[in-house]
Every structure is written in C-alpha cells, then in structure tokens.
Amino acid sequence: MSTAWTTLGAPAVARGWNALLFDGPGQQSMLFEHGMPFRPDWENVITPVVDFLLGHEGVDADRLVLAGISQAGYWVPRALAFEHRIAAGVADPGVVSVVDSWWHNFPPELRELFDTGDREAFDGVMREGIAQDGELSAYWRWRAKPYGIESPYDLLAEVARYDLTGVLDRITVPLLVTSPEGEHFWPGQARRLYEALPGEKAFVEFTAAEGADLHCEPLGRALFEQRVFDWLAARLGVTP
C-alpha cells in the first residue's frame with residue numbers, strides 16, 4: 001500500500017484529486033493477513049470497487065480512473081475489458097502476457113519439458129535446481145508466494161492464464177500505456193498492448209536520457225506524474 005501511495009496516491013492528492021487505494025488479491029494485507037492469492041480475472045475485483053465508489057456522495061461517476069504499476073499493467077486493462085464505467089486507465093507498464101517474465105529466466109530445454117505436459121518430470125528438475133541454489137530458492141519463493149501454488153508446473157500453468165490476448169478487442173476505455181526504456185520483466189509488451197487496443201489510447205515512453213528508464217521508472221517518478229496526470233487531466237476535462 002505504501003508503494004501505491006507514493007507512486008499514484010500522493011501525486012493525485014497533490015493535484016486536488018481524490019484517490020482510493022486498496023490491496024487486491026495477492027497483495028500485502030490480502031495475502032499476508034487473509035491468505036487470498038492473485039487471480040487473473042480482475043474485473044471481479046474492480047467492479048465491486050466501482051460499485052463501492054458510486055455509492056458515495058461527491059464521487060463523479062464520469063471521472064473514475066483506474067491506474068496500476070508493475071503487474072497491474074496486466075490487471076488494469078483486464079478489468080477495463082469488462083468494466084466500462086471507468087473513464088480512463090493507466091498501465092505502467094503495459095503487459096499482455098504475465099508468464100513471459102518467468103520464461104525469460106529459464107533455459108529452452110526447461111520450456112520444452114514443460115510443453116510436454118510431464119508435470120512430475122518438470123517439478124523434479126525444478127525442485128532439484130531450486131534446492132541447489134539459495135538465491136534462486138529465495139527468488140522463486142518470493143515470486144510464487146502471491147499465487148499460493150506449490151508445484152512449479154502448476155504455478156506456471158496458472159500464470160499462463162494471465163493473458164490479455166483473448167480480450168484485447170473488448171478494451172474500449174481510454175488507456176495510457178507506459179513504456180520505459182530497459183523494461184526487463186515485459187520488454188516489448190507495452191507496444192504490443194498499445195497497438196492491439198481498439199479504442200482511444202496513448203503511448204508514453206520514458207528513456208535513460210531523461211533519467212526515467214527501467215521498470216516503473218523508479219528514478220523518474222516526477223516525469224511520470226507530469227506526463228500521465230497531464231494526460232488524465234486533459235482526458236477528463238479537469239485542471240492539471
């Protein structure tokens with residue numbers, strides 16, 4: 001939640017906007033206090049949030065924005081494919097297929113073994129490798145924990161469900177897609193998402209020369225705020 005506040009909440013409030021921050025499934029309190037893992041169908045997370053907001057006085061139903069960073073670059077457009085009461089969205093960065101960020105770290109022969117469907121053999125090789133490498137073991141546990149799945153084969157099969165390919169044509173809500181230079185989790189996917197969007201859209205690049213490269217522009221958040229919130233203000237017809 002602290003990350004959501006510093007990257008999106010505080011900049012919104014500084015501009016005189018209201019911001020609702022919440023932990024979704026697999027995130028912070030929902031994971032550690034309630035044991036609720038990630039889920040791919042974020043329309044079933046966001047629609048109740050929209051219902052909640054519209055039940056409060058002072059909420060402008062025509063100016064709701066959904067924004068998210070990192071893997072939310074998948075969740076935001078996924079939700080927008082089904083929830084059309086939102087006026088605009090921001091995906092930082094754009095993500096089409098979440099599992100691609102996992103396969104970057106695997107040798108081709110492991111992918112080939114996975115594709116055979118031999119769950120027992122794949123899990124055996126993976127567990128042996130994880131047991132022999134303390135750094136890999138810690139990294140695997142960290143990435144796997146929000147999914148709540150022990151079997152490496154089952155985990156990767158589940159992550160493969162986080163894919164926008166089949167719903168891209170449903171995303172008609174105006175969407176801003178960021179693309180930082182040096183994106184290492186989902187390289188090239190921001191452009192792929194942007195080009196597939198059928199509705200109003202914006203593609204915003206961030207570069208090393210600007211000091212705003214790498215995943216989620218960690219050293220260039222002021223530039224991110226300027227470009228993204230200025231676009232949102234123009235899209236919603238409000239003073240930046």
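This is a predicted model: local features need pLDDT of at least 70, side-chain atom pairs count only at pLDDT 80 or more; totals for chains, interfaces and linings use all residues.
Where is the place of Cys-216? Cys-216 sits in the loop between strand 4, residues 201-206, and helix 11, residues 221-236. For background, most residues other than glycine have a negative phi, and most peptide bonds are trans.

The one from Asp-92 to Pro-93 is cis, and its omega is near 0°. Pro-93 is in the loop that runs between strand 2, residues 88-92, and helix 5, residues 100-103.

Two packed helices are described by the angle between their axes and the distance between the axes. I will give both for each pair.

Start with helix 6, residues 108-115. Helix 6 packs on helix 7 at an angle of about 150°, and the axes are 8 Å apart. An angle over 145 degrees counts as roughly antiparallel, so helix 6 and helix 7 are roughly antiparallel to each other. The crossing of helix 6 past helix 7 is left-handed. Helix 6 brings Leu-110, Leu-113 and Phe-114 to this contact, and helix 7 brings Ala-121, Phe-122, Val-125 and Met-126. What classes of residue does the contact of helix 6 with helix 7 have? Seven nonpolar, no polar and no charged.

Next, helix 8. The axes of helix 7 and helix 8 are 5 Å apart, and the packing angle is about 120°. Helix 7 is therefore oblique to helix 8. On the helix 7 side the contact is made by Met-126, Gly-129, Ile-130 and Gln-132; on the helix 8 side, by Gly-134, Leu-136, Ser-137 and Trp-140. By class, the contact of helix 7 with helix 8 divides into four nonpolar, four polar and no charged residues.

Then helix 9, residues 152-159. Its axis and that of helix 7 come within 8 Å and cross at roughly 105°. Helix 7 and helix 9 are therefore roughly perpendicular to each other. Helix 7 takes part through Arg-119, Phe-122, Asp-123, Met-126 and Arg-127, and helix 9 through Pro-152, Tyr-153, Asp-154 and Leu-156. The contact of helix 7 with helix 9 has five nonpolar, no polar and four charged residues.

Which elements give two or more residues to its lining? Helix 7, residues 119-132, and helix 8, residues 134-144. Helix 8 gives the most, with three residues. The lining is made up of Arg-127, Ile-130, Trp-140, Arg-141, Ala-144, Lys-145, Gly-148, Ile-149, Glu-150 and Pro-152. By class, that is five nonpolar, one polar and four charged residues.

Some of these names have come up already. Ile-130 and Trp-140 are in the contact of helix 7 with helix 8, and both also line the second largest pocket. Arg-127 and Pro-152 are in the contact of helix 7 with helix 9, and they too are among the lining residues.

Methods: Residues are numbered from 1 along each chain as its sequence is written. Side-chain values use heavy atoms; hydrogens and water are left out. On a 1 Å grid over the protein atoms alone, a cavity is a set of points where a 1.4 Å probe fits but cannot get out, and a pocket is an open set with protein on both sides within 12 Å along at least five of seven lines; lining residues have an atom within 4 Å of a point. Helices (H or I, at least four residues) and strands (E, at least two) are DSSP runs, numbered from the N terminus. Ala, Val, Leu, Ile, Met, Phe, Trp, Tyr, Cys and Pro count as nonpolar, Asp, Glu, Lys and Arg as charged, and the others, Gly among them, as polar. Axes are lines fitted to C-alpha atoms, for helices over the stretch in contact, and angles run from 0 to 180 degrees between N-to-C directions. Angles under 35 degrees count as roughly parallel, over 145 as roughly antiparallel, 65 to 115 as roughly perpendicular and the rest as oblique. Contact means heavy atoms within 4.5 Å. A crossing is left-handed if the near helix is turned anticlockwise from the far one by less than a right angle, and right-handed if clockwise.
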